[in-house]
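This briefing goes through one protein chain, topic by topic. Keep the sequence and the model in view while reading.

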Amino acid sequence: MKKILGFLRDLIAVLVVLAVAFGAGYYYCYVSTNTEATEVVADTDDSFDFELPLEVEKRVVTVEDVEAKLVEIGELSTYAGEYTCTLGKEESRYWLDKLPVLGSTNSITITCNGIVKVGYDISDIVVKVDDEKIYISIPEARLNDNYVIWDSLECDESNNIFNPIEFAQYQELINEIEDMGLEQVTEQGIYKKAEENLKVLINVFLAEFDDYEIVYM
C-alpha cells in the first residue's frame, strides 16, 4: 500500500512539473509571437509616412496674392528728379497799352533748384497669372508734384520807383521755372527711370513667389 501511495505522489509531482513547464513554454511563445507581430505592424505603418527628402509641393499663386503684395509698395513707387533753372524778365509801363514809358522798366532774374515727383497708382497695374509666370502691365507714370526749393532761390532784381515790382511778377516767374524744370527732367528720362525703379520694387516684393517668372508686358 505504501508503495502504491509513494508511486502516486511521484507521478503527481512529475505531472505538476510537466504542466508548469508546458505553461511557461506556451506563455513565452505567445509573448514572442505578439511582440514580433507588433514590430512588423509598426514598421509597416512607418512605411506609409515615407517622403522623398527633396520633394516640395509648389505654391499656387493667384492674382489676389500678387495684388496684395503690390499694394504694399504704395509711396515707394514715387520717383523724384531735381532741376536747376534760371529765368529773368523785364516789365515796363505803357502809354495807352502801346508805348513804353521811358525809365519805367524793372527787371527780375531768378535762379533756383526744384523737385519733380512722378509715380503710379498701384490699382492701375494689371496682373495675370498662369502656372509658371506672373504677367504685369505697368501704366504710364503720372506727375505727382513739382515745386521749387525756396532755400535755393537766388534773385537779382532792379526795381523802379515809377514801376515797382509786384508780387505777381515773382509768381509768374516761379510758374514758368517749374514748367521749364518739368521739361528738363522729362528730357533727362525721369519717366523711364521711374518705371525701372518700380520694376525693381516689384521684383523685391514678389521675391517670395520664386517658383514663378515675372514678365512685364
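## Overview

Of the 217 residues in the chain, 25% count as buried. The model is predicted. Its chain holds four helices and nine strands, and their order along the sequence is α-α-β-β-β-β-β-β-β-β-α-α-β.

**Strand 4 and its partners**

- Strand 4 covers residues 106-119, and ten of its 14 residues are buried, so the strand is mostly covered by the cut-off of under 20% relative accessible area.
- Strand 1, made of residues 79-91, pairs with strand 4 in the antiparallel sense, over 13 bridges.
- Within strand 4, Asn106 is the bridge partner of Glu91.
- Strand 7, residues 142-148, also runs antiparallel to strand 4, and six bridges join the two.
- Lys117 has Asp145 in strand 7 as its bridge partner.
- Strand 8, residues 154-158, pairs with strand 4 over five bridges, again in the antiparallel sense.
- Ser158 in strand 8 stands opposite Ser107.
- As a general point, side chains in a regular strand alternate between the two faces of the sheet.

**Salt bridges across the chain**

- How many salt bridges does a search of the whole structure find? The search finds six.
- The side chains of Arg59 and Glu208 form a salt bridge, with a distance of 2.9 Å from N to O.
- Arg59 lies in the loop between helix 1 (2-47) and helix 2 (63-71), while Glu208 lies in the loop between helix 4 (190-205) and strand 9 (213-216), so this pair ties together parts that are 149 residues apart in sequence.
- Arg59 counts as partly exposed because its relative accessibility is 40%, and Glu208 counts as partly exposed because its relative accessible area is 37%.
- Lys89 and Glu176 form a salt bridge in which the closest N and O atoms are 2.5 Å apart.
- This pair links distant parts of the chain: Lys89 is in strand 1 and Glu176 is in helix 3 (residues 167-187), 87 residues apart.
- Lys89 has a relative accessible area of 34% and is therefore partly exposed.
- Glu176, at 25% relative accessibility, is also counted as partly exposed.

**A network of charges**

- Lys69 and Glu72 form a salt bridge, and their closest N and O atoms are 3.9 Å apart.
- Is Glu72 exposed, partly exposed or buried? Glu72 counts as partly exposed because its relative accessibility is 46%.
- Salt bridges link Arg59, Lys69, Glu72 and Glu208 in a network.

**A negative surface patch**

- Which residues form the negative surface patch? The patch is formed by Asp130, Asp131, Glu132 and Glu213.
- Glu132 is placed in the loop between strand 5 (126-129) and strand 6 (133-137).
- Why does Glu132 count as exposed? Its relative accessibility is 54%, and exposed means over 50%.

Definitions and conventions:
Residues numbered from 1 in each chain as written. Predicted model: local features only at pLDDT ≥ 70, side-chain atom pairs only at ≥ 80, totals over all residues. Heavy atoms only, no water. Patch = residues over 30% accessible without salt bridge, like charges linked within 9 Å, V, L, I, M, F, W, Y side chains within 5 Å. Areas by Shrake-Rupley, 256 points an atom, 1.4 Å probe, with all protein chains shown as cover. Salt bridge = Lys/Arg side-chain N within 4 Å of Asp/Glu carboxyl O. Lys, Arg positive; Asp, Glu negative; His and termini not counted. Charge placed at Lys NZ, Arg CZ, Asp CG, Glu CD. Buried < 20%, exposed > 50% of the residue type's maximum accessible area, 1.4 Å probe, protein only. Pairing = 2+ DSSP bridges.
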